[in-house]
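This report describes selected side-chain features of one protein model. Please consult the sequence and the structure shown here while reading.

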Amino acid sequence: IISLACHPNGHAVATGEVGKRPKIVIWDAYTGVTIRVIKFHLRGVSNLAFSRCGELLVSAGLDTDRMIAVHNVSTGSLVGKGKAGRGIDVLTIVVSNDGRFVTGGKGHIKFWELPTANAAGGELPCKGGIYNNKAIKCRTIVSSTFLGTDCITGMSDGSLVLWKDRSATKIVKAAHKGAVMALCELPEKCSIGGTNDAGPRVVSGGRDGQIHIWSYKLAKIWSLDVAKPATTPVSSDPHVRAVATVDNRLIFGTKA
């Protein structure tokens, strides 16, 4: 198993595997019982992401063209497909609230339109991202999330990039010392570390063992040094690989 996504309602999980004809398995998070098996990709399923409503599942394959697929979660039927590009490494997928999703990787970013849950499975409309800001030198995207309606990408050089529509317009240099491995949106009602200011916020986790919360203006408003936490246990390798929130709690995973 090389990819995993949790349904927005928390009751189901999708996992993807490596193999000649790899399966996507959707299973019950409480019982472990298989709900549905989807076969579409070749070689492996590198990334998975549910739509915000939970009706659709977006996946990326390890075949030559790096196929992107969207399936109906309830029926398992294919409702849309496309190609990320020959030999591209898709490192992150994120789905927005307004019917779009983004794929990112080394020298790759595409903005896609989500199909309806009953679409015929045709080609998905997509457009490449445009780097309008000359200050952005790094082009390797390793994480992504949405901040309201804008996409935020975490770069391998430790910077954060904000995208308006599909144009990169703002950069926060040295947001982390090393790659920004994980990003997630912080719900407006959520107050972690007292960061209950107005507007959406974003949480970032880096290879440097730091977790930061950023305002909607991408100003740093809270930080946690995982290498020196106030709680135990201490990770033997504090390289942050995943961040998420549940109510007013922050959950993170490290390399160890």
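A residue is called buried when its relative accessible area is under 20%, exposed when it is over 50%, and partly exposed in between (1.4 Å probe, protein chains only). With a relative accessible area of 19%, Thr 140 is therefore buried. The model is predicted, so local features need pLDDT of at least 70 and side-chain atom pairs count only at pLDDT 80 or more, while totals for chains, interfaces and linings use all residues. Residues are numbered from 1 along each chain as its sequence is written, and side-chain values use heavy atoms, with hydrogens and water left out.

Thr 140 is located in the loop between strand 13 and strand 14 (141-147); strands (E, at least two residues) are DSSP runs numbered from the N terminus. Beyond its neighbours within four places in sequence, Thr 140 has contacts (heavy atoms within 4.5 Å) that include Leu 91, Lys 106 and Met 155.

Aromatic rings are considered next. Rings of Phe, Tyr and Trp (its six-membered ring) pair if their centres lie within 6.5 Å; planes under 30 degrees apart count as stacked, over 60 as edge-to-face and the rest as tilted.

| Pair | Centre to centre | Angle between planes | Type |
|---|---|---|---|
| Phe 111 and Trp 163 | 5.7 Å | 55° | tilted |
| Tyr 131 and Trp 163 | 5.1 Å | 70° | edge-to-face |

Tyr 131 lies in strand 13 (residues 130-131) and Trp 163 in strand 16, so their pair ties together parts that are 32 residues apart in sequence. Phe 111, Tyr 131 and Trp 163 form one aromatic cluster. Trp 163 counts as buried, at 0% relative accessibility.

Note on methods. Helices (H or I, at least four residues) and strands (E, at least two) are DSSP runs, numbered from the N terminus.
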